[in-house]
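Here's a quick briefing to read alongside the structure. Have a look at it first, then we'll walk through a few side chains together.

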Amino acid sequence: MENFEDGAREHLLSVNVNENGGFNGSESKIQVKNLTRSLDKGVSTLQNASLDIPRGKIMGIIGPSGSGKSTLLRALNRLWEPPSGTVFLDGKDITSLDVLLLRRKVGMLFQLPVLFEGTVADNVRYGPQLQGKKLSDQEVHKLLTFADLDSSFFNKSGSELSVGQAQRVALARTLANEPEVLLLDEPTSALDPISTQNIEDLLLKLKSKGMTVVMVSHSIKQIQRVADVVCLLVGGEIVEVLKSEQLSEAKHPMARRFLELGS
């Protein structure tokens with residue numbers, strides 16, 4: 001588990017933005033190509049979405065409610081099954097990968113944390129245990145410390161924790177699998193400002209160690225604080241991909257309206 005504690009993963013690649021606001025394929029950790037999802041009545045939640053997610057960076061995904069943000073995020077680790085040839089991890093079609101292996105590589109943190117029965121330590125050990133690995137007490141403590149939880153949480157049960165504490169345990173549990181990518185779906189919407197800042201600080205620390213992070217948020221200010229690049233979704237279509245400091249330059253009318261109201 002020294003990967004996270006000692007920074008063994010190095011951030012080797014920087015973002016290379018081209019003239020159209022996209023990224024060169026060699027810099028991409030995940031590529032999405034013409035991804036579409038249609039509901040039973042023919043209504044599309046995603047329409048020909050194409051996106052390069054840069055390696056070792058934080059990408060924010062924003063847009064109005066119902067624009068397809070969570071749908072896009074869940075496609076990245078097959079929480080819904082994308083068509084073959086539409087989502088690639090390190091150049092490999094994710095539909096060709098073992099789904100459990102994929103979800104260890106591409107971990108996900110949800111809006112409301114759900115902890116398993118047992119202690120905090122039991123939760124952190126869960127993923128590696130499924131792979132036949134037993135984390136030592138020291139390794140569990142390292143992960144909890146990384147998630148800004150002290151040793152007193154080791155033997156606590158989930159019912160004793162606040163939402164913010166449970167979210168950090170869920171993060172430590174996800175990191176125990178040593179993922180290469182972390183997906184987050186509104187991970188701080190139920191948290192107080194201090195807990196929110198703690199999670200944001202952790203995301204920046206993960207990025208400094210080379211992890212790729214993809215984060216859905218309704219908070220424009222949060223995305224500006226933590227994201228390197230931002231994808232704007234409107235009506236299931238990706239209408240802009242910009243550096244976070246260039247959000248004010250968005251050209252799509254609905255995107256501009258959303259940003260103006262959210263700022």
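Which backbone oxygen does the side chain of N77 reach? In this predicted model, the answer is the backbone oxygen of V106, at 3.3 Å.

**Around N77**
- You'll find N77 in the loop between α2 (69-75) and β4 (87-89).
- N77 counts as buried because its relative accessibility is 3%, under the 20% cut-off.
- Leaving out residues up to four places away in sequence, N77 touches L102, R103, V106, M108 and L183.

- R78 pairs up with E81, and their closest N and O atoms are 2.9 Å apart.
- R78 is buried at 13% relative accessible area, whereas E81 is partly exposed at 43%.

**Salt bridges between separate parts of the chain**
- D148 and R168 form a salt bridge, with 3.7 Å between the closest N and O atoms.
- D148 sits in the loop between α5 (137-146) and α6 (163-175) and R168 in helix α6, so this pair ties together parts 20 residues apart in sequence.
- R168 is buried, at 9% relative accessible area, while D148 is partly exposed, at 40%.
- R225 and E200 meet through their side chains in another salt bridge, 2.7 Å from N to O.
- That pair links distant parts of the chain, with R225 in helix α8 (residues 220-226) and E200 in helix α7 (residues 193-208), 25 residues apart.
- E200 counts as buried at 7% relative accessibility, but R225 is partly exposed at 48%.

**A network**
- Salt bridges also link K29, R55, D90 and E180 in a network.

Methods: Residues numbered from 1 in each chain as written. Predicted model: local features only at pLDDT ≥ 70, side-chain atom pairs only at ≥ 80, totals over all residues. Heavy atoms only, no water. Helix = DSSP H or I, 4+ residues; strand = E, 2+ residues; numbered from the N terminus. Buried < 20%, exposed > 50% of the residue type's maximum accessible area, 1.4 Å probe, protein only. Polar contact = N/O pair within 3.5 Å; in protein donor to acceptor, adjacent residues only side chain to side chain. Contact = heavy atoms within 4.5 Å. Salt bridge = Lys/Arg side-chain N within 4 Å of Asp/Glu carboxyl O.
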